[in-house]
Amino acid sequence: MSRIQKPLRMTRQRQVIVEEMKKTAYHPTADEVYEMARKRLPRVSLGTIYRNLEVLASEGVIRKVETEGSQKRFDGNPEPHYHIRCSKCGALEDVRVQWMPPLEDFLKDSQGYEIRGWRLEFVGLCPLCRKKDSSRNGEPESPELVKPECIQKEEDRA
Ligand SMILES: [Zn+2]
Ligand SMILES: [Zn+2]
C-alpha cells in the first residue's frame, strides 16, 4: 500500500475491538462486536463501537466486508483474502486460497471505467448445513444402494 497513513491513535476502546476481532475467524456485525467488547468495556455504547469500527476500517486496521444482503460485517484480518458464504445459514468464512492481485491490474482502465472496488464472494453450503441436508434427504448409504453382486465379487476375489 502506497497510501501514507498518519499513526492512528489506539485508544483503549480501539485496542479492545481489534483484540476481540483477532480472536475470531468469524466476521461479526457491529452488534456482535459490541457484545464481545462489552464484556471488557461495560460502559461502551453501540454508537461508539460503530464509530470506532468505521475509523479502524478506514485506517486499514480491520476491514469492512462487502457481502450480499444482511448486516454489514467486519473482518479482523486486514490482509486481502476471499470469502465464502453459506447460502443457507449465512456463515461467512475466509477462503484458504492464495490472493490473485493480477486480476485487479488486468481490469485497470478497461472499458473507460475507473475501478473503485470489486467483489468476489464464493457461495456454497457450509459443512454444518451439508450435514443437516444429507440427513434430511434420506440415507445415501442405505444398503439398497449397494448392489449385492458387487459385494459378492469382492468376496470372491479375496
Ligand atoms: Zn450453513
Ligand atoms: Zn475474512
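Predicted model: local features only at pLDDT ≥ 70, side-chain atom pairs only at ≥ 80, totals over all residues.
A residue counts as buried if 20 or more other C-beta atoms lie within 10 Å of its own.

**View 1. Alanine 37, a buried residue of helix α2.** Alanine 37 has 23 other C-beta atoms within 10 Å, so it is buried. The residue lies in helix α2. Beyond its neighbours within four places in sequence, alanine 37 is in contact with Val16, Ile17, Glu20, Val44 and Ile49. Methionine 21 is 16 residues away from alanine 37 in sequence. In space, the two lie 9.2 Å apart, C-alpha to C-alpha.

**View 2. The buried face of helix α2.** Which residues of α2 are buried? They are Val33, Tyr34 and Ala37. Seen down the axis of α2, these buried residues fall within an arc of 105°, so they line one face of the helix. An α-helix has 3.6 residues a turn, so residues three or four places apart point the same way. The cover over the buried residues of α2 includes α1, α3 and β2 (73–75).

**View 3. Helix α1 packed against helix α2.** Helix α1 spans residues 12–22, and helix α2 spans residues 30–38. Their axes are 9 Å apart, at an angle of about 105°. That angle makes α1 roughly perpendicular to α2. From α1, the contact is made by Val16, Ile17, Glu20 and Met21. From α2 come Val33, Met36 and Ala37. Six residues of this contact are nonpolar, none is polar and one is charged.

**View 4. Helix α1 crossing helix α3.** The two axes come within 10 Å and cross at roughly 75°. Helix α1 is therefore roughly perpendicular to α3. On the α1 side, the meeting residues are Gln13, Arg14, Ile17 and Val18. On the α3 side, they are Thr48, Ile49, Asn52, Leu53 and Leu56. This contact divides into five nonpolar residues, three polar and one charged.

**View 5. Confidence along the protein chain.** Mean pLDDT for the chain is 80. Of its residues, 78% reach 70 or more. Where is confidence highest, and where lowest? It is highest in helix α3 (residues 46–58), at a mean of 96. Confidence is lowest in helix α6 (residues 148–157), at a mean of 43. Over residues 139–158, pLDDT stays under 50. For that stretch, the model has two contacts beyond four places in sequence.

How values were computed: Residues numbered from 1 in each chain as written. Chains lettered and ligands numbered in written order. pLDDT = per-residue confidence, 0-100. Helix = DSSP H or I, 4+ residues; strand = E, 2+ residues; numbered from the N terminus. Contact = placed C-beta atoms within 7 Å. Axes fitted to C-alpha atoms, helices over the stretch in contact; angles between N-to-C directions. Parallel < 35°, antiparallel > 145°, perpendicular 65-115°, else oblique. Nonpolar A, V, L, I, M, F, W, Y, C, P; charged D, E, K, R; others polar. Buried ≥ 20, exposed ≤ 12 C-beta atoms within 10 Å, placed from the backbone. Arc of directions from axis to C-beta.
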